[in-house]
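Please look at the sequence and the model before reading on.

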Amino acid sequence: MAASMHGAVKVLCRLSPSITLPLRQYQSCLQRLPVRLPVRPCPGVPPCRFYNSPASLHDEETTQAAEAQSRYKDKPWEYLESEEYTDKYGTSPVWAGYRRNHKGGIPPQKTRKTCIRGDKVCGNPCPICRDPKVVIHHQNVKLLQQFISPHTGEVYDPTRTGVCMKQQKKLTEAINTSRDHGLLPFQIPYVEFLEEDYSNSHDAVGSTPPAPSLMSGDSWYTWYGDITPDEGEVAKVRKTYRAYLK
């Protein structure tokens, strides 16, 4: 029975080549077209679709990230105003909720020197190294304000923000440059000045009176005139300097 069915199929294919022709055209279309492009519909064959492989999706994501990084590198302040930053961080600073991985229950007293060494990135990079779109620049005022205390105007310690020492040095330099350009204000403590500090009538800045001994002829110390010297000590001094007392 199976042999008869196989023979019948062969005879049918020989008699009607229109059945096998669309299948051959379909196979030739698959070999010619690339993986990412959709296949054009062949005559007599229903349209087909192709989906990207995981490797191609990873390449596309890497390309998009590189394009975004190059775009924000020239104008890094645009990233903090974008919807992407709002969806990722919200209204919190970039270092909010960051915790460094460490052994034991006691955290290290200092942050690591750097998170990126050549092409190698550590397992838990700091808040700035983990996001390549966050670029430190003296014109990126919104980013710099996240690392400055609004009460004292001092830069936060890296043990609080978790930033590595390399990025902390860049932050300090960018903040100082931004203040020199007038983009960030200086925090100057308020000091109340008294009128006495600028008055000429104060004893410290006024005219010094002459010594009392120069005015009345008395000794400089009032108690010095009440002292009676010992006669024996006076005799010894006169005997010692008798050659000069003549």
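Which residues form a nonpolar patch on the surface? They are Y221, W223, Y224 and I227, with about 510 Å² of accessible area together. This is a predicted model, in which local features need pLDDT of at least 70 and side-chain atom pairs count only at pLDDT 80 or more, while totals for chains, interfaces and linings use all residues. Residues are numbered from 1 along each chain as its sequence is written, and side-chain values use heavy atoms, leaving out hydrogens and water.

**Surface patch**
- Patch residues have over 30% relative accessible area and no salt bridge; like charges are joined within 9 Å, and nonpolar side chains (Val, Leu, Ile, Met, Phe, Trp, Tyr) within 5 Å.
- Accessible areas come from the Shrake-Rupley method with a 1.4 Å probe, and for residues only the protein chains shown count as cover.

**Salt bridges**
- The structure holds three salt bridges, each a side-chain nitrogen of Lys or Arg within 4 Å of a carboxyl oxygen of Asp or Glu.
- E81 pairs with K142, their closest N and O atoms being 3.8 Å apart.
- E81 lies in the loop between α3 (54-74) and α4 and K142 in helix α5, so this pair ties together parts 61 residues apart in sequence.
- Helices (H or I, at least four residues) and strands (E, at least two) are DSSP runs, numbered from the N terminus.
- E84 forms a salt bridge with K133, with the closest N and O atoms 2.2 Å apart.
- K88 forms one with D131, at 3.4 Å between the closest N and O atoms.
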